Amino acid sequence: MSVRVRLTLSYAGFLMFAGVLLLAAVWWFLLRYVPNRAMLINPDDRPTNGVFPIRSALLGVFAPRAAAVLAFLLVFGLLGGWILAGRMLAPLTRITDATRMATHGSLSHRIRLPGRKDEFRELADSFDVMLARLEAHVAEQRRFAANASHELRTPLAVSKTLLELARADPDHDTRETIDRLHTVNTRAIALTEALLLLSRANQRSFAAEPVDLSLLAEEATETLLPLAEKHGITIETDGELTPTSGSPTLLLQLTTNLVHNAIVHNLPDEGSVWVNTGVRRNSVVLTVENTGENISPQLASTLTEPFQRGSDRVHTGHAGVGLGLAIVSTIAQAHNGTLTLTPRASGGLRITVELPATSRALAAGEDTEH
């Protein structure tokens, strides 16, 4: 049976039950006190003609009318229950229609249920929010897939071209071709690994472990120090213990990406990078700043999207795959954290990652305040 039929039967059944209880109350409090044998009373009492009515006579009059009332209550309960159930379930019909449309791929439809804010309205509003997020996520995934296909197609097309040139000219020096193929394949491998890392972070398929961001910052800085020296970049690290929980591998990748991004997108010479860790009230913070060209807030807000590169920033000959900050943003979200990009007034970028603090970090923050 449908929900509407079950609600209708429930309403009718409840109404019949209430009617039976009412009749039982009449019987219990009134009719049971009526004598079962005839009794003579004052003959001057005209309404009873001198005879008090007996129980059987009253039952003979009361029972048919009680049955008629119960029949009326049954019909009224079924009809009224059917109408009332239909009105109550009307919002569910709209939600069901929206669900069917979403199942067939129409994510732009919204329920927008009118009326007062009750349970059905909250359900419809929550469903609309879910559809909006799902539509944005699907659109983002489509853009990501299109950009990834384009990025992967480029090195493959270059490799194909180099191989065709080598085959067309067998006497050509193959060392140059091999070197160029090696460079192209290295970039393709880096892009593939970045895509796999991004997918892993999105799935949150990792076990949370105690992690100290300050140690990860030092490790990332030491690893990238030769690259910084090569480009004439000075790195300064500072901060305190910042215990949090998460994947050490992913958080190290997050820190490495930030420091690497700060190095390769910097001034042509005599640039600087500052790496700082700290504890706030309920979170731990990793901040990476660098010098560089002026960046507009509009451009900064798009840098976390996959395959988005800041055209206004100086590239120091190290071409990335366009996923560095996208990976950082995804890893931060996977750890229930936030990523903030703020252009510096003097040029460059300030990137702040805020992650939930552990009890150890909170205790250390309280000791620092005292």
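Student: Is the crossing of α5 and α6 left-handed or right-handed?

Tutor: Good place to start! In this predicted model, the crossing of α5 and α6 is right-handed. Helix α5 covers residues 213-230 and helix α6 covers residues 248-264.

Student: At what angle do α5 and α6 pack, and how far apart are their axes?

Tutor: The angle is about 40°, and the axes lie 9 Å apart.

Student: Which residues in α5 and α6 meet?

Tutor: From α5 come L216, A217, E219, A220, L224, L227 and A228. Their partners in α6 are P248, L251, L252, T255, T256, V259, H260, I263 and V264. Sorted by kind, the residues of this contact are 12 nonpolar, 3 polar and 1 charged.

Student: Let's look at T221. Where is its place, and why does T221 count as buried?

Tutor: T221 sits in helix α5. A residue is called buried when its relative accessible area is under 20%. T221 has 9% relative accessibility, so it counts as buried.

Student: What does the side chain of T221 reach, and which residues is T221 in contact with, leaving aside its neighbours within four places in sequence?

Tutor: Its side chain reaches the backbone oxygen of A217 at 2.7 Å. Once neighbours within four places in sequence are set aside, T221 is in contact with I235, T237 and V275.

Student: And the protein as a whole: how many helices and strands does the protein have?

Tutor: There are 9 helices and 9 strands. Of the protein's 370 residues, 34% count as buried. Among contacts between residues at least 6 apart in sequence, 70% join residues at least 24 apart. The protein exposes about 22800 Å², with carbon and sulfur atoms supplying 59% of it.

Key: Residues are numbered from 1 along each chain as its sequence is written. This is a predicted model: local features need pLDDT of at least 70, side-chain atom pairs count only at pLDDT 80 or more; totals for chains, interfaces and linings use all residues. Side-chain values use heavy atoms; hydrogens and water are left out. Axes are lines fitted to C-alpha atoms, for helices over the stretch in contact, and angles run from 0 to 180 degrees between N-to-C directions. Helices (H or I, at least four residues) and strands (E, at least two) are DSSP runs, numbered from the N terminus. A crossing is left-handed if the near helix is turned anticlockwise from the far one by less than a right angle, and right-handed if clockwise. Contact means heavy atoms within 4.5 Å. Ala, Val, Leu, Ile, Met, Phe, Trp, Tyr, Cys and Pro count as nonpolar, Asp, Glu, Lys and Arg as charged, and the others, Gly among them, as polar. Buried means under 20% relative accessible area, exposed over 50%, partly exposed in between (1.4 Å probe, protein chains only). Accessible areas come from the Shrake-Rupley method with a 1.4 Å probe; for residues, only the protein chains shown count as cover. A polar contact is a pair of N or O atoms within 3.5 Å; within protein, one must be able to donate a hydrogen and the other to accept it, and residues adjacent in sequence count only if both atoms are side-chain atoms.
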